[in-house]
Amino acid sequence: MRLYMDSAKCSGCNACRVACSLNLFCENNPKKAAIVIGPHFPAPGVYEVKVCTQCGDCAAVCPTEAIKLNDKGVYYVDFAECNLCEACVPECPEGVMFVRNELANTAWKCDLCGDCVSVCGTSALWIAEKEPVAA
Amino acid sequence: MKKKNRITTKATLRPSGALKSYISGKTEITVEAGHTVRETLSALNIPPEVVALVVVNPRTTGVNEEQQSKDYVIQEGDVVRVLAVIGGG
Amino acid sequence: MNGYGGQILHVNLTTGKITKEPTPPDVVRDFIGGRGFGAYFLFKEVPTNADPLGPANKLIISSGPFSGLMIPGAGKCDFTTKSPLTGGYASASMGGHFTAEIKYAGLDSIILEGISPRPVYLFIDDDKVELRDAADLWGKGTIVVEKHFKEKLGEEFQVAVIGPGGENGVSYACINHDFGRQAGRGGVGTVMGVKKVKAVVVHGTKSIPVADMEGYRKAGMALYKACKDAEGLKDWTRYGTTIVTSWCDEVGALPTRNFSAGSFEGGKGLYGQTMREKIVITDKGCFGCPSPCGKYSRSKKYNIHVEGPEYETIGLMGSNLGIDDIEAVAQANLLCDDLGIDTISTGNAIGWAMECYEKGILTKKDTDGLELKFGNVEATFKLIEKIARREGFGALLAEGVKRASKKIGKGSEKFAIQVKGMEQSAYATHNATAMLLAYMTCDVGAHHNRSWAITYDLQVGRDKVVPEKVARVIWLQNFRPMFDVLGGCRLQWVELGIDRDLYCPALEAITGVQRSWEDLEKVGARIWNLTRMYWGRENEGFGRQWDMPSPRFYEEAPTTGATKGQITKFEDVHKLLDMYYEQRGWTSEGIPTAATLEQLGLAELVA
């Protein structure tokens, strides 16, 4: 399973990011969310959404094995094991691995909790089976 | 053998929200095609003035819903949604 | 403090002194936040008879307890000041993401006082607060300046910026944000401009505390579920406020040619469906909003991007000016946004000017050669520029229709469509007495957002003048603005029809204080009476005459459209006010009685 997005439906409201920070950190602080909403204004006038596709590239490079696979087949960060080396950040093809020392002393990523989907009023986000990557 | 009555064709009206109270709380009602939305609403004692939006999903073309005016003549198989003016700006 | 940023930021622009105080718990208790803070600080801290354009006036910018949290529509910011347009209370509500960022920076209100000796912008980055030089930005449009800040400081910074309109002192200059949201009405941008503040930019990384984390997350999710389950969500999102354009035309509420009628023969060119097909590209929303009303658009005809136009702008810049082309309205919208002037007041003022021109009260000699006939799109664009720069004929209109019509005279005052000096917004009220009363008694002047009562008029009977209508207007006035107080948006309740009782557990879990809607409406009544007292304090002889509507609505029945031949009776205007004052607990001149003030806990504050 993984999160999917349709940027064309995104309104830039950031409800997903508040829900996300609440799930990961129990805090109201969307800067600590694991989803990216990129506004392109005044032109072309659209939002560009980036989500974790559960590709596992981050886990493959983590030297402390802090990025683990849970029993639902979802990659997540074990905060206790992360040493902030930032090896994962450039590996992520979507730019949704996060390290911000001023905000948290761990890397963080999407753990597919689904709260973002629950609060997205335009149905721009949904969770479904991983599709095989096209050749 | 009874012949089917082909003269009167049918469509569906779906009043939204508070408008359902005008059709005893049901979610939809079968109406005669060939009348305007305005006439159809009046026949059901729904004051056309309290309807803000008319959205028609035409069976014939199968394309997405389109907003129509209350002068739109309902066609056979149309599903006509009518929304009340709740609030405004 | 749970649910709050925790501090009030005071900026003295004359001295450059910047201080903070903890957000006072008693003000939170009695006024809650947002617009409530604005009303309180205006009354308490701005001295009586302060010049709106002078150093003693303050611009009070406030978020509320919902702002920045996981609550539908948690994105509204209040801007309160003494109005340079009306001389009374001004409060404008701005959507977008600014209000959330204020809270993440640990603030609840930002209060600007004094006048800076040179153009500055206020820079807030968590605890770092500075006044920075804005000489390079002064004179520039709001769009390019916001873009500049986003590129220079980072996308996470939220920007509130004025344009040339505010800099030049147009009486109804606005404040812009997020490439399309405004604090529009009453000249809040004028005050920011006279204080020489080009922009406020804010960034914060703090988390907002709540009293009961689990209860808040549950209540927030319940609110989002209600919104997502709402039957009208898809339609509302598709059209936003343009959902009512065709309906207003049909029922005679669409202002046409300076409110001379309520239906427009060219209306179809402005309807929501037409706009969606021609120009809309993105449904753009404020912070936390599941039902984005913003219709971000691209007009190929004028080669522009603009957020909007929304219904008010469509009414006042379209049908009110006899213009039937939605793309022309979009261009007019962008000009106003970029120059930083309120589209409602601007459209209303131009409509008045066009009627003057058509009647021969003004000629080309007066209008710098502009042919101000209804429908003249190019003249409209040129006039917007002149107003924003207060150049030539634009300078007259920049004063607002009340002052402009007083200067011109020749009967033009009778068709200056305003109340208390504020231009009426986009509902024609020839025969809709609840809505007319709403405009007459709105606390900032003729604005619709406190009490939108037209559907009630249609349900009960348009011309009926009955206590129930008055009660309805009062209830809406006590209730709807509470969303502004909470720092959130009313449109989820208004347009999606979600159960308002869902908000109470959320508010309690966030703040730790239980408040029912009855409690909240009492706060609403308290604020309403306080700002009424403010009008009286600042305007000698304030009373019933100030609540009178434009004579157009009791003297000139439309000759076309849905309300053809319909008009309100003059004696009903007074009858409405009689009932309103009585139900409000005010004197026959419309002044809150001592008993009413006592009952609302205001006796000490207004003494």
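I began at the end of a helix: α4(C) is followed by C:Gly154, whose phi is positive, near 120°. Helices here are DSSP runs of H or I of at least four residues, strands are runs of E of at least two, and both are numbered from the N terminus. I note that this is a predicted model, in which local features need pLDDT of at least 70 and side-chain atom pairs count only at pLDDT 80 or more, while totals for chains, interfaces and linings use all residues. Residues are numbered from 1 along each chain as its sequence is written, and chains are lettered from A, with ligands numbered from 1, in the order in which they are written.

**Helix α4 of chain C.** I checked the length of α4(C): at 1.5 Å a residue its 12 residues should span 16 Å, and the end C-alpha atoms are 16 Å apart, which agrees; the expected span is 1.5 Å times one less than the number of residues. I then looked up burial and found C:Thr142, C:Ile143, C:Val145 and C:Glu146 buried, a residue being buried if 20 or more other C-beta atoms, placed from the backbone, lie within 10 Å of its own. The buried residues of α4(C) pack against β9, β10, β12 and α12 of chain C.

**Chain C against chain A.** Two pairs of chains are in contact, and chains A and C share the most contacts; residues count as in contact if their C-beta atoms, placed from the backbone, lie within 7 Å. I recorded 36 residues of chain C in contact with 25 residues of chain A. On the chain C side, α4, α7, α8, β13 and β14 each give two or more residues, and α7(C) has the largest share with six residues. By class, this side divides into 19 nonpolar, nine polar and eight charged residues, where Ala, Val, Leu, Ile, Met, Phe, Trp, Tyr, Cys and Pro count as nonpolar, Asp, Glu, Lys and Arg as charged, and the others, Gly among them, as polar.

**Chain B.** I found no contact joining chain A and chain B, whose closest C-alpha atoms lie 17 Å apart. Chain B does touch chain C, with 15 residues of chain B in contact with 23 residues of chain C; strand β3 of chain B gives the largest share of the chain B side, three residues, and that side has seven nonpolar, seven polar and one charged residues. Chain B has one helix and five strands, which run β-β-α-β-β-β from the N terminus on, and 34% of its 89 residues count as buried.

**A hairpin in chain A.** I followed β2(A) and β3(A), which pair in the antiparallel sense over five bridges, pairing requiring at least two DSSP bridges. Five residues lie between the two strands of this hairpin, and A:Gly45 in the turn has a positive phi of about 90°. A:Ile37 stands opposite A:Val49, and A:Val49 belongs with A:Tyr47 to the covered face of β3(A), whereas A:Val46, A:Glu48 and A:Lys50 form the uncovered one.

**Two helices of chain C.** Last, I looked up α2(C) and α23(C), whose axes come within 10 Å and cross at roughly 35°; axes are lines fitted to C-alpha atoms over the stretch in contact, with angles from 0 to 180 degrees between N-to-C directions. The contact involves residues including C:Ala39 and C:Leu42 of α2(C) and C:Ile527 and C:Leu530 of α23(C), and by class it has seven nonpolar, two polar and one charged residues.

How values were computed
A residue is buried if 20 or more other C-beta atoms lie within 10 Å of its own, exposed if 12 or fewer, and partly exposed in between; C-beta atoms are placed from the backbone.
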